[in-house]
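Open the model in your viewer and keep the selection tool handy.

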Amino acid sequence: RSTQGVSSAASDVYKRQTQATIRVPAFQDPRTEGWVDTGLDVEGEYVGFSFSIQGDIVISSGVQVGPEGDEEITILNESIGLELQIGCLVAKVGESGKIEPVYFSGFLATEDQCRLYLTVNDLEYENNESEFIVNIGLL
């Protein structure tokens, strides 16, 4: 029996990515290098993302921080557009969509049907070190 002509809808189920482990480098400047593309899209019945974050990074101030950043200092990075803690992990749903800090492991609900992007909030990136390892799943 030939499988030629089988609907691609069945194979799409296997191709659609529902989880990923993403490296978010502290030194990747979203203004010049763009945000980290997770490859995950909220679509269909999915309503958001779950996060499990590991690692610490060294930010431009020389301080080592986790995904919540440095609670003592907030900055405004023009490519993020929100005043947030320096060094914090930031999520964006869609190319120009909702932007939220992802301080700890947890979840982010969204009404938008879009791709998820991540970055680190800082003003200078060239001396930053290390990365966050983010395990993401669609909910």
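Predicted model: local features only at pLDDT ≥ 70, side-chain atom pairs only at ≥ 80, totals over all residues.

## A walk through the chain

Start with a cartoon view: the protein chain has one helix and 12 strands.

The average pLDDT of the protein chain is 89, and 88% of the residues score at least 70. Now select residues 1–14, where the pLDDT is below 50. Beyond near neighbours in sequence, this stretch makes zero contacts in the model.

Switch to a surface view. The accessible surface of the protein chain is about 7800 Å², and carbon and sulfur atoms account for 46% of it. Of the 139 residues, 42% are buried.

Time to look inside. Which residues touch the most other members of the largest nonpolar core? Select V24, F49, F51, V134 and I136 to see them; the core has 27 residues. Then show the strands that each supply at least two of its residues: β1 (19–25), β2 (36–41), β3 (48–54), β8 (89–93), β11 (115–120) and β12 (129–138). The largest share, four residues, comes from β12.

Zoom in on V134. Setting aside neighbours within four places in sequence, V134 is in contact with A20, T21, I22, V24, F51, S52, I53, L89 and L118. For another core, apart from the largest one, pick W35, C88, V90 and I99, which are among its seven residues.

Finally, zoom back out and display contacts: of those with a separation of 6 or more in the protein chain, 68% are between residues 24 or more positions apart.

Technical notes:
Residues numbered from 1 in each chain as written. Heavy atoms only, no water. pLDDT = per-residue confidence, 0-100. Contact = heavy atoms within 4.5 Å. Core = buried A, V, L, I, M, F, W, Y, C linked by side-chain atoms within 4.5 Å. Buried < 20%, exposed > 50% of the residue type's maximum accessible area, 1.4 Å probe, protein only. Areas by Shrake-Rupley, 256 points an atom, 1.4 Å probe, with all protein chains shown as cover.
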